[in-house]
Amino acid sequence: MRAFLLATVLAVLASFAHAQLLLPKPELRVEKDCEDCPEMVILPDGLYMSRAPVTVSEFRAFVEETGYKNTGWGCKWNFSGFEQGPRHPVTCVTFEGAELYARWLSQKTGKDYRIPTGEELTYAVRAATTTNYWWGQQVGRDRATCLGCGRALDAEGTTPVDTFEANPFNLLDALGNVWIWTTDCTSADCTERFLLSGGWSSPPSDLRMSKRIYNGVTVPFNTYGIRVVREFE
Amino acid sequence: MTHFLSRACSGLSVLAAVFYFSTGSASLAQVAPGTVFSDCDDCPELTMLDNGTAIGTTLVTLAQFRAFAEETGVPGTESCFVRISTRWDNAQGKGWMDPGFEQGDDHPAVCMNWLEATAYADWLSEKTGQFYRLPTYEESVAVTAAGATTAYWWGDDFGEVCARANAADVNFKAAFPDDKRKILTCDDGFAYTSPVTAFPPNPLGIYDAVGNVWQWTNTCLKGDCSNALFRGASWVVPAKNHFRNDGQWSDRIILRNSAVGFRVLRDAQ
């Protein structure tokens with residue numbers, strides 16, 4: 001009888017533990033390495049990733065300090081072809097420009113900033129979900145900015161990066177608004193790189209992380225943006 | 001029993017023959033390559049290809065597109081990129097009804113975006129029971145080249161362009177005197193769009209394989225399906241690389257342009 005009682009108590013305790021009542025959720029911490037640096041979230045695997053796509057105001061700090069110019073064909077970071085406020089994601093940055101920005105952050109902070117790989121970005125955006133989008137199977141409404149995401153201004157341009165709810169890993173604009181450059185190459189000579197996560201002009205199916213587009217590393221588009229990562233130190 | 005069967009069979013074959021002749025050979029599978037036919041009165045003419053698909057013999061004309069647009073409510077004056085002096089302007093009030101210049105019923109329809117061009121193909125599919133769509137970029141190139149390995153479907157000499165295609169020629173220059181680009185100095189007879197059979201067809205019998213208006217394709221730009229490729233150059237284009245069989249450009253699928261139209265492809269049955 002006593003053994004039976006003990007077993008019952010143990011079983012009840014085990015079920016509590018199973019329900020994760022004993023473990024608090026990890027704190028959502030956001031860090032910044034300098035005044036003008038992008039906010040970084042700490043992913044469960046220890047990598048730091050910018051909480052949102054790099055914004056126009058964050059990128060402006062880089063331009064003002066370095067005199068960066070994207071010359072040649074196409075749109076410019078401060079001339080995207082539609083209205084952009086300081087909290088909009090910066091667009092029209094080439095992959096090469098994105099790498100320059102990451103290098104500048106590294107020099108400024110002493111930390112090792114870089115552009116994410118496709119795998120790192122996919123891990124952060126999916127946030128341990130297995131559905132089409134991190135919020136579910138259907139694109140729904142008011143989750144992201146895309147062509148067919150249920151907003152009045154669909155396909156008119158970018159929106160501020162904090163317009164929508166963050167994903168479970170605390171990433172803003174995890175999907176939509178701007179495609180994100182990754183370091184993944186389409187071929188051995190790396191003249192073209194892949195971009196992930198869909199942009200403001202993309203149909204909802206392009207927001208699935210199985211979808212990849214690619215372009216030359218010197219090509220600016222007003223649907224392309226950047227995120228940066230750095231290792232834990 | 002055998003007697004009954006043979007009678008039934010002969011009855012069927014008579015029925016089949018009647019069906020064959022009454023509907024015409026067009027709707028049956030055994031259409032010879034090169035045959036020109038259409039699936040309904042308002043449908044675009046198609047040219048049968050070797051692989052069983054059929055390609056629009058001409059670009060979709062204004063009359064053909066109007067029949068669809070009026071039935072389904074495609075806006076004709078919402079907005080369209082039109083050529084103004086030296087640049088493109090996304091003009092309100094322009095559209096397939098009014099692209100900014102005069103068009104006859106046999107001119108190619110312009111100012112429909114990719115979504116509307118695709119909707120037209122879907123509408124044809126529903127109407128005819130066949131599967132219509134836009135050709136892919138590769139299909140469009142193959143139909144244009146018609147087996148040739150030269151730069152242009154007529155050969156390697158771009159100097160023949162004004163006899164072969166509607167490009168930005170002296171008539172264009174007269175209409176847009178301020179245009180700083182190097183405009184062609186030959187005369188193709190048209191400043192803006194031309195009737196879809198105004199120029200000689202390529203060896204496959206396809207009209208406006210290049211020139212007149214760009215043609216939307218079903219192919220995404222580097223995987224990005226918010227942009228689609230179009231190929232074939234247009235009445236605004238003087239540069240020879242765009243008239244090559246593989247010449248291409250692209251734009252967002254929601255934008256309309258007065259130099260972009262399309263042709264349809266019917267899949268094999």
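## Overview of chain B

Of the 269 residues of chain B, 51% count as buried, where buried means under 20% relative accessible area, exposed means over 50% and partly exposed lies in between, with a 1.4 Å probe and protein chains only. This is a predicted model, in which local features need pLDDT of at least 70 and side-chain atom pairs count only at pLDDT 80 or more, while totals for chains, interfaces and linings use all residues. Residues are numbered from 1 along each chain as its sequence is written, chains are lettered from A in the order in which they are written, and side-chain values use heavy atoms, with hydrogens and water left out.

Chain B holds six helices and 11 strands, these being DSSP runs numbered from the N terminus (helices H or I of at least four residues, strands E of at least two). Among its contacts between residues at least 6 apart in sequence, 60% join residues at least 24 apart, a contact being heavy atoms within 4.5 Å.

## The open sheet

Four strands of chain B form an open sheet in the order S9-S8-S7-S10, with mixed pairing; two strands count as paired if DSSP finds at least two bridges between them. The edge strands are S9 and S10 (residues 260-261) of chain B, each of which pairs on one side only. Strands of a sheet pair through backbone hydrogen bonds, either parallel or antiparallel. S7(B) and S10(B) pair in the parallel sense over two bridges, and B:Gln215 stands opposite B:Gly261 in S10(B).

## Helix H4 and its cover

Helix H4 of chain B spans residues 137-145, and its buried residues are B:Tyr137, B:Ser140, B:Val141, B:Val143, B:Thr144 and B:Ala145. What covers these buried residues includes strands S3 (54-56), S7 (214-221), S8 (224-231) and S9 (248-252) of chain B. Just after H4(B), B:Ala146 takes a positive phi of about 50°.

## Two buried loop residues

B:Arg256 has its place in the loop between S9 and S10 of chain B, and is buried, with a relative accessible area of 9%. Its side chain is joined to that of B:Glu116 by a polar contact of 2.7 Å (a pair of N or O atoms within 3.5 Å; within protein, one must be able to donate a hydrogen and the other to accept it, and residues adjacent in sequence count only if both atoms are side-chain atoms). Leaving aside neighbours within four places in sequence, the residues in contact with B:Arg256 include B:Pro75, B:Phe81, B:Met112 and B:Glu116.

B:His242 is found in the loop between S8 and S9 of chain B, and is also buried, with a relative accessible area of 17%. Not counting residues up to four places away in sequence, B:His242 touches several residues, among them B:Trp214, B:Val237 and B:Trp249.

## The interface with chain A

The contact between the chains takes 10 residues from chain B and 15 residues from chain A. The area buried between them is about 970 Å², of which carbon and sulfur atoms give 56%; buried area is the accessible area (1.4 Å probe) that two parts lose on being put together, summed over both. In chain B, B:Lys222, B:Asp224 and B:Arg252 lose the most area to chain A, together 50% of what that side buries.

Across this interface the rule finds one salt bridge, a side-chain nitrogen of Lys or Arg within 4 Å of a carboxyl oxygen of Asp or Glu. A:Glu192 forms a salt bridge with B:Lys222, the closest N and O atoms being 2.6 Å apart. S8(B) gives the most to the side of chain B that touches chain A, with four residues.
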